[in-house]
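I opened this structure to go through it piece by piece. These are my entries, in the order I made them.

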Amino acid sequence: MNKKKIIIFSLLFFGIIFLIFDFLSYRVNKIVKNLIINQGSQTLGQQVSVGQIDTSILGSSVKISNIEIKNLEGFKNKNIIQIKNINADFLFTSLFKDTIVIKNINIEGATLYYEVLISNREVKDNVSSFKPATKNTVSSSVKTSDSSKEQENSKQSQKKNKDFLVNQLTINNSTINASSEFLDIKKDINLSKMSFNNVGTVEQATKFKEVLQMIFSNVLLNINNEIIQGDLKNKIKDKLKNLRNKISSESLKKLERTFR
């Protein structure tokens with residue numbers, strides 16, 4: 001084989017390799033986008049958007065930036081959660097199987113915007129209303145025939161999508177931005193590192209919704225401890241004296257029990 005043929009063969013070879021890697025990068029980006037946007041929106045019931053996804057096939061890694069989860073209607077902030085970066089390492093060979101194995105996911109710089117407000121003389125906050133465990137609990141007990149059909153359709157649609165298994169999910173440097181105009185609260189609360197093992201859609205794995213439930217329970221516990229044990233307690237108790245004619249008696253009793 002002469003030198004010219006060797007050069008042409010090499011160019012063709014590396015060109016094919018580049019196309020394969022480019023296709024795999026596109027495939028991984030599409031899978032990641034589906035997991036975050038579609039699965040996230042379905043699980044949370046809120047719109048999820050992603051800024052950028054960068055995939056390295058050689059490094060078997062994905063970097064995702066600027067993830068935003070839309071806030072509930074009626075609250076001040078645009079988003080309830082903002083995440084600066086998510087870094088993930090995946091098992092390359094699993095891309096060609098039914099279950100994609102992700103070695104680890106590291107969530108860095110997440111901010112949760114916790115708000116308390118008065119609406120129609122009732123006190124409500126976005127985190128308690130947002131918790132995944134509280135969604136769609138009533139509808140499962142009615143219209144069983146329709147529910148069974150929906151479950152069957154859901155199972156059929158899930159078969160078209162790949163399953164996921166995350167060996168370790170870690171959340172670092174996360175913050176709660178707690179605010180309430182009527183209680184005069186404005187405080188940032190730093191959360192401790194959270195870690196979860198074997199999370200995903202496969203059997204015997206902890207489901208994403210269960211992880212979210214644990215995260216939100218931890219958030220509410222931190223908010224409760226920070227306010228009750230901090231200097232805000234007495235200030236809020238004074239505020240409650242002026243709220244008797246602005247909120248319902250049930251909401252007032254709830255607040256008084258919280259800050260007694």
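Terms first: I call a residue buried under 20% relative accessible area, exposed over 50%, and partly exposed in between, using a 1.4 Å probe and protein chains only. The model is a predicted one, where local features need pLDDT of at least 70, side-chain atom pairs count only at pLDDT 80 or more, and totals for chains, interfaces and linings use all residues. Residues are numbered from 1 along each chain as its sequence is written, and side-chain values use heavy atoms, with hydrogens and water left out.

**Entry: salt bridges**

I looked for a side-chain nitrogen of Lys or Arg within 4 Å of a carboxyl oxygen of Asp or Glu, which is the rule for a salt bridge. Side chains of opposite charge can pair when their charged atoms come close. The rule gives two salt bridges.

One of them joins Glu-68 and Lys-78, with 3.8 Å from N to O. Glu-68 is in strand β2 and Lys-78 in the loop between β2 and β3, so this pair ties together parts ten residues apart in sequence. Glu-68 is partly exposed because its relative accessibility is 23%. Lys-78 has a relative accessible area of 63%, so I noted Lys-78 as exposed.

Glu-181 and Lys-76 also meet in a salt bridge, at 3.6 Å from N to O. This pair links distant parts of the chain, 105 residues apart: Glu-181 is in the loop between β7 (175-180) and β8 (185-190), and Lys-76 is in the loop between β2 and β3. Glu-181 is exposed because its relative accessible area is 69%. Lys-76 counts as exposed at 69% relative accessibility.

I also checked Glu-73, in the loop between β2 (61-70) and β3 (79-90). Its relative accessibility is 80%, so Glu-73 counts as exposed.

**Entry: strand pairing**

I take two strands as paired if DSSP finds at least two bridges between them. Which way do β4 and β6 run, parallel or antiparallel? They run parallel, joined by nine bridges. Ile-107 has Ile-171 in β6 as its bridge partner. β6 and β9 pair in the antiparallel sense over six bridges, and Leu-165 stands opposite Gly-200 in β9.

Strand β4 (residues 99-119) is also joined to β5 by four bridges, and these two run antiparallel. Lys-124 in β5 is the bridge partner of Leu-117. In a regular strand the side chains alternate between the two faces of the sheet. Strand β5 (residues 122-125) has Val-123 and Asp-125 on a covered face, and Glu-122 and Lys-124 on an uncovered one.

**Entry: the cavity**

My search used a 1 Å grid over the protein atoms alone: a cavity is a set of points where a 1.4 Å probe fits but cannot get out, and lining residues have an atom within 4 Å of a point. Grid points are joined across faces, edges and corners, and a volume is the space filled by probe spheres set on the points.

I found one cavity of 30 Å³ or more. The largest cavity holds about 870 Å³ of space. Of its 43 lining residues, Ile-83, Ile-86, Ile-107, Leu-169 and Leu-212 are the closest to the centre. Elements giving two or more residues to this lining include α1 (3-44), β6 (163-172) and α4 (208-229). α1 gives the largest share, nine residues.

I sorted the lining by class: Ala, Val, Leu, Ile, Met, Phe, Trp, Tyr, Cys and Pro are nonpolar, Asp, Glu, Lys and Arg are charged, and the others, Gly among them, are polar. The lining has 37 nonpolar residues, six polar and no charged ones.

**Entry: backbone angles**

Most residues other than glycine have a negative phi, and most peptide bonds are trans. Asn-66 has a positive phi, near 55°, and lies in strand β2. Asn-198 also has a positive phi, about 55°, although it is not a glycine. Asn-198 is in strand β9 (residues 194-200). Its relative accessible area is 41%, so Asn-198 is partly exposed.

Conventions
On a 1 Å grid over the protein atoms alone, a cavity is a set of points where a 1.4 Å probe fits but cannot get out, and a pocket is an open set with protein on both sides within 12 Å along at least five of seven lines; lining residues have an atom within 4 Å of a point.
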